[in-house]
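Please open the structure in your viewer and keep the selection tool at hand.

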Amino acid sequence: MMFASDDDSQYSNQPSETDESEESTSSVQKRWYAVQVASGCEKRVKATLEQRIQTLDMGERIFQVEIPQAAAFKIRKDGSRQQTDEKIFPGYVLVQMDMDDESWQVVKNTPHVINFVGAEQKRRYGRGRGHVKPMPLSYSEVQRIFRQRDEAEPVVKTYLTPGEKIEVVSGPFKDFDGEVIEVSPERSKLKALLSIFGRDTPVELEFNQVRKLS
């Protein structure tokens with residue numbers, strides 16, 4: 001994933017209801033940075049980093065830790081819906097901070113943090129990768145990320161995949177058995193081959209209209 005940077009833009013916080021007022025001192029630079037973390041560890045990193053901020057008394061330099069997420073629903077095997085969240089950028093957390101050596105160390109040394117997103121500076125000598133200079137996100141990108149979070153349509157997730165056998169539990173084809181041939185998570189629908197009048201017929205169904213046959 002590529003994040004743009006904009007050293008000349010001046011902004012302090014996310015464009016949402018959790019906006020905080022600017023610090024009165026010009027020396028405080030509230031900027032958003034993207035931090036790459038180990039896969040599946042986003043919530044763990046957020047909780048650990050927030051704890052480190054309190055323990056190390058860094059609240060005046062590291063202000064917020066966010067995992068941009070959109071609402072989602074998971075269809076259970078019985079056809080019911082379970083509310084959950086869908087990460088917009090899996091493998092990344094966003095940190096609003098005043099970047100200096102100490103605040104950089106607090107974030108970078110948090111368990112399961114890989115590195116800041118930024119510009120890699122080559123080593124002056126020898127081989128191997130150089131140091132990554134953290135680059136703040138641009139104002140427009142911060143707006144886009146949080147607008148995407150706030151305005152995204154709920155995602156419906158299902159455990160079903162093509163080739164699996166299903167039973168229709170509601171609608172005009174209730175009690176029909178069939179086989180999944182296509183899954184469309186963005187539309188919360190699937191196509192299945194149902195035997196209708198002795199012929200395999202493709203039928204489009206809602207996720208919550210079917211259940212997987214064991």
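Begin with the aromatic rings: the count comes to three aromatic pairs, where rings of Phe, Tyr and Trp (its six-membered ring) pair if their centres lie within 6.5 Å, and planes under 30 degrees apart count as stacked, over 60 as edge-to-face and the rest as tilted. This is a predicted model, in which local features need pLDDT of at least 70 and side-chain atom pairs count only at pLDDT 80 or more, whereas totals for chains, interfaces and linings use all residues. Residues are numbered from 1 along each chain as its sequence is written, and side-chain values use heavy atoms, with hydrogens and water left out.

Select Y33 and F116. Their rings form an edge-to-face pair, 6.1 Å from centre to centre with 85° between the planes. The pair links distant parts of the chain, since Y33 belongs to strand β1 and F116 to strand β6, 83 residues apart; helices (H or I, at least four residues) and strands (E, at least two) are DSSP runs, numbered from the N terminus. Y33 is buried at 6% relative accessibility, and F116 is buried at 3%; buried means under 20% relative accessible area, exposed over 50%, and partly exposed in between (1.4 Å probe, protein chains only).

Next, select F173 and F176. Their ring centres are 6.0 Å apart and their planes stand at 85°, so this pair is edge-to-face. F173 is partly exposed at 24%, and F176 is partly exposed at 28%.

Now display the strands. In which order do the four strands of the open sheet lie? The order is β2-β5-β1-β6, with antiparallel pairing; two strands pair if DSSP finds at least two bridges between them. β2 (62–66) and β6 (113–116) stand at the edges with a single partner strand each, so one side of each has no neighbour in the sheet. Select β2 together with β5 (residues 92–97): four antiparallel bridges join these strands, and E66 has L94 in β5 as its bridge partner.

Axes are lines fitted to C-alpha atoms, for helices over the stretch in contact (heavy atoms within 4.5 Å), and angles run from 0 to 180 degrees between N-to-C directions.

Finally, colour the chain by pLDDT, the predictor's confidence in each residue, from 0 to 100. Confidence is highest in α1, at a mean of 96, and lowest in strand β9 (residues 155–158), at 64. Over residues 4–25 the pLDDT is below 50. Where pLDDT is low, the predicted coordinates should not be read in detail.
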